[in-house]
Amino acid sequence: METQLDPMKDDLPLMANTSYMLVKHYVLDLDVDFKNKVIEGIIVLFFETGSRYRKTSSTGKEGCQSLFDETCQTRASELCHVPLTNVSACSSKTEYNDFAVCGKGEEDTSDKDGNHSNEEQASGISSSKDCCDIENHGNKDFLLVLDCCDLSVLKVEEVDVAAVSGTEKFTRSAKLTDVSEELENLRNQIVHELVTLPADRWKEQLYYFTRCSQAPGCGELLFTTGTWSLEIRKSGIQTPTDFPHAIRIWYKTKPEGRSVTWTTDQSGRPCVYTIGSPINNRALFPCQEPPVALSTWQASVRTAAGFVVLMSGENSAEPVQLQEECGSWYYYVTMPMPASTFTIAVGCWQEVKQQSFTAAIQTNVEFSLPSSQADFRWHEEICGHVEYPCRFQNPVARLQAVIPYRVFAPWCLMECCEERLLQLIPQCLSAAYTTLGTHPFSRLDVLIVPSNFSSLGMASPHIIFLSQSVLPGGSHLCGTRLCHEIAHAWFGLAIGARDWTEEWISEGFATFLEDIFWARAQQLSHDEVKGQQELKALLRWRRLRDEVQNSEEELQVLRPKKESTGELSESGASVVKHGLKAEKIFMQVHYLKGYFLLRSLARAIGEASYLASLRKFVQKFHGQLVLSQDFLCMLLEDIPDQKESGLTVESIFQDWLDTSGIPKLLPDQLVLLLESLLEEKTLCPRTLQCLEKTYQLQEQDAEVRHRWCELVVKHKYVAGYGDVEKFLREDQAMGVYLYGELMVNEDVKQQELAHKCFAAAREHMDASSARVVAEMLF
């Protein structure tokens, strides 16, 4: 599959061969250089053999331990501190020739001996056909493929994790016999034991990840960079099992790299931040981009004094001063996440400090949960995800309505953020908790990003980017956007799409939930909630209608890969359908169509039952990747009565997810649509014809047909006069008002129609109705 990918097409290739090698942890050690607009440094990747190529070692235990003891006596390194920092490095051009643990200089031989290169291949995506045979039918080397773009890769090497003292405890179960393979197997055994440590040993795990990332190199690896990939091999290694499971990469970003934006903030100070799309983080660091590559990470980032580094991390980092004009920031994540969710922002941000009145608000909302919402918080189940320190199993976290939060902004926006944003965050967090339960992440930073940010908001683990556009003009836009991004903590982050083409799983849910959260944050009455949500639905429907009329049909499909959704090639590579299509970035069909699907399900089921199903879904699938059918199957199992009405997973696919255009509407939604159209001054006959044909209005219920007849009368749509005549004859309980509409326009044809219908029906009409109509007509 990989060899057939064409980077000039609209589909975004995910090149990493995750079925053979799977990154479990990244350690980044980076410098941010604003002068040259590059981020440079090293990244160490720790792997597990992928699901398609795991094998059990058949070697002996004693050999492993004796070899390890001998190795550690001669090569053990000094104890290193967490976090990883290079105290000699703060300039934009970090020198690694005196690497911390190695103890000897390592000459950079990039591009000198022909073994490796950072030159892009002219052919585009490099083919693995000639240099890699995964099935090993011949004597060819295994090729590790990482997603990589717009990066200058300087050197790749194997890391000698066996040189780190203390890791002998990770090898006691290993069995090694072949002397020529013992050291390589020993290193891979250490990495395997390290990445599979139990969740309650996460601190120890992070410590040894740091130590191992600082271990000396033990041989450079051959590599080639292509348009979308970094391909690495070790001469003579033919299987993923034997390939080094810890590698170190020296690299630099490029100023034009598409994963980050170099710009200035609203106060004119330089800054850089990740933009998240369309190519995610492959131009920030070499990684595995497919969603299945769930990994943890830790990062040390050095930058000049006065700059603040914000990042996806569980800790609220504070800078460590390395030199007079240099600070280092350290973050870590213990919940495995796709590499695409990693986010960083570096700038002269100012923290908007809490005031006493804000703290009081937080205290009040934290304990203001309705009793009807409290029961789900105590529902404990065994988590279905891979092991990590999960907040859903933490009694303290389950009671935390408002997680710790910070707000950062350029200094010129500090006052506005203090007045508005600080008050909204605890209210919105508490409303989200009331709705869905335990917050998946332990803390939250909110950053007001520069004015060139291309959307109103973006959510990542532990951090939300907000546009300055949400701040002026009252709290409504700021509050709703904040609620939308907070909803992504559950849908999009804690629960991710197994196939990126199913964006609606993230955006549709966030759009639906922002209304629920915002209503609860405002503590609105039932009637106020209904009115607000109906108005939002009307505005969204108009937006969706306009988008459908002015976009390509193939971009309107929520599940473009249909029955192939979630399928991968044998190596684990895949594509994101239409991922590189420029106009897709600005489309909202996944938001709006997904929202209307969820809204229709909530109406069919009842909001209380529907929200209970959402909480159940969160409990069952947090920390996992899902497809549409995972949610739909669980929902329909909870409400078996819906199957009798024809609501099935297959019908939802057919009506909503696998087709373009606007799906079939519920009667109430059609009434809302037609009433909104009645507000329009003019509608051309062609529009009315398309409307009637699209929604088969003649076959709808009387409420819908009544609004349709009103449209026909208002816009003098002669082709629809037959529908009006039929309605006045067959739906006399609702048709009286239409007589008045026919007469008030003072149109001869319409008045003739009114008289004709009344003459035909008068004899059989209710006496009171007949008198009222007669007064209108005569």
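**Helix pair and pocket chat**

Mentor: In this predicted model, helix α11 (residues 607-621) and helix α12 (residues 628-638) have axes that come within 10 Å and cross at roughly 130 degrees.

Trainee: Which residues make the contact?

Mentor: From α11 you've got Y610, S613, L614, K616, F617, K620 and F621. On the α12 side, the contact is made by D630, F631, M634, L635 and D638.

Trainee: How does that contact split by class?

Mentor: There are 7 nonpolar, 1 polar and 4 charged residues in the contact of α11 with α12.

Trainee: Switching topic: how much space lies in the second largest pocket?

Mentor: About 790 Å³.

Trainee: How many residues line the second largest pocket, and which lie nearest its centre?

Mentor: The lining has 35 residues, and L22, K24, L294, P336 and V386 are the ones nearest the centre.

Trainee: Which helices and strands each supply at least two residues of that lining?

Mentor: Those are β2 (21-33), α3 (202-213), β13 (294-304), β16 (326-338) and β25 (624-626).

Trainee: Which one gives the most?

Mentor: That's α3, with 4 residues in the lining of the second largest pocket.

Trainee: And what's the lining like by class?

Mentor: For the second largest pocket, count 17 nonpolar, 14 polar and 4 charged residues.

Definitions and conventions. Residues are numbered from 1 along each chain as its sequence is written. This is a predicted model: local features need pLDDT of at least 70, side-chain atom pairs count only at pLDDT 80 or more; totals for chains, interfaces and linings use all residues. Side-chain values use heavy atoms; hydrogens and water are left out. Axes are lines fitted to C-alpha atoms, for helices over the stretch in contact, and angles run from 0 to 180 degrees between N-to-C directions. Contact means heavy atoms within 4.5 Å. Ala, Val, Leu, Ile, Met, Phe, Trp, Tyr, Cys and Pro count as nonpolar, Asp, Glu, Lys and Arg as charged, and the others, Gly among them, as polar. On a 1 Å grid over the protein atoms alone, a cavity is a set of points where a 1.4 Å probe fits but cannot get out, and a pocket is an open set with protein on both sides within 12 Å along at least five of seven lines; lining residues have an atom within 4 Å of a point. Grid points are joined across faces, edges and corners, and a volume is the space filled by probe spheres set on the points.
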